[in-house]
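Here are my notes on the model, as numbered points. Please read them with the structure open.

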Amino acid sequence: VIAIARELEPDADPALADCLQRMAPAKRRLQLGALSAEEIASFLARSAKEPPSRSEIETLQRRSGGHPLFLRELLRTAEGADAEQRVPRTLAHLIDARLRTLASDDRERVECAAVIGREASLAVLALATAVERKDALAQIDRAAALGILTRQDAEPDRIEFSHEVVREAIYANLPLVRRASLHGAVARALESLATDPSTTPWLALAHHFGESSRVLRHADAHR
């Protein structure tokens, strides 16, 4: 008997968890990892009219994280690998549904992390959202349990989205005014934490202050 199952989530059916536990002594478990660039290229070669470029493969690998479902849905979008900022509607709904299982405070932390970028500093996140580091850490761990974020034991202050397309979907779903507010909060947090001009993240500061201003102007123009 061959069975395929995802990692159990915190709210998984207890009957399913019990069934898998009882099967444990007799089962052989094969952990499926992410698709490599070569495997993505092979997947594309079977359906594409022309061989994909290295750039297209790298873009799809970065955005999908090698996740077969994400890869398939990205390929279904109108521009495929060239749609740098487009998130397929099916994925956007799927990711939003998972995010909504979190408490509102936890969602707010994840949304701010999405504004910071694919990788984020826990110190910046805590300061930008005005919470204690330990509270932010607990909230991030709950999001990690759902597969939204990951945290490395070797770098406990660094958090990362499980896939770039997950971050893109969360960011895209933010209302414009909230997006601008979060960019401003992140910029002020970065500015506050910068104690040495030689190590100040000037590019990140310019990006977040600029996005805060640009998004607000865009929102005003559509009122």
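Which residues touch the most other members of the largest nonpolar core?

1. **The core.** They are V110, L125, I148, F161, I170 and V186, out of 47 residues in that core. Helix α6 (residues 104–116) gives the most to this core, with six residues. A nonpolar core here is a set of buried Ala, Val, Leu, Ile, Met, Phe, Trp, Tyr and Cys residues joined through side-chain atoms within 4.5 Å. Buried means under 20% relative accessible area, exposed over 50%, and partly exposed in between (1.4 Å probe, protein chains only).

2. **Basis.** This is a predicted model: local features need pLDDT of at least 70, side-chain atom pairs count only at pLDDT 80 or more, and totals for chains, interfaces and linings use all residues. Residues are numbered from 1 along each chain as its sequence is written, and side-chain values use heavy atoms, with hydrogens and water left out.

3. **The sheet.** Three strands form an open sheet in the order β1-β3-β2, with antiparallel pairing. β1 and β2 are the edge strands, each pairing on one side only. Neighbouring strands are turned by 30° against each other on average, direction ignored. Helices (H or I, at least four residues) and strands (E, at least two) are DSSP runs, numbered from the N terminus. Two strands pair if DSSP finds at least two bridges between them.

4. **Strand partners.** Strand β1 (residues 119–121) pairs with β3 over three bridges. S121 stands opposite R158 in β3, and E119 has E160 as its bridge partner. A hairpin of six residues joins β2 to β3.

5. **Two faces of β3.** In a regular strand the side chains alternate between the two faces of the sheet. Strand β3 (residues 158–161) has I159 and F161 on a covered face, and R158 and E160 on an uncovered one. F161 touches V110, A113, A114, G117, R118, I148, L149, V166, R167 and I170, not counting residues up to four places away in sequence. Contact means heavy atoms within 4.5 Å.

6. α8 lies across β2 and β3, running at about 120° to β2. Axes are lines fitted to C-alpha atoms, for helices over the stretch in contact, and angles run from 0 to 180 degrees between N-to-C directions.

7. **α6 against α9.** The axes of α6 and helix α9 (residues 164–172) come within 9 Å and cross at roughly 110°. That makes α6 roughly perpendicular to α9 (65 to 115 degrees; under 35 is roughly parallel, over 145 roughly antiparallel, the rest oblique). V110, E111, A114 and V115 in α6 meet R167, I170 and Y171 in α9.

8. **α4 against α5.** Helix α4 (residues 68–76) packs on helix α5 (residues 89–99) at about 140°, with the axes 8 Å apart. This angle makes α4 oblique to α5. L69, F70 and E73 of α4 meet T90, L91 and L94 of α5.

9. **A backbone point to check.** A130 has a phi near 55°, a positive value in a residue other than glycine. A130 is found in the loop between α7 (122–128) and α8 (133–145). Buried or exposed? A130 counts as exposed, because its relative accessibility is 70%.
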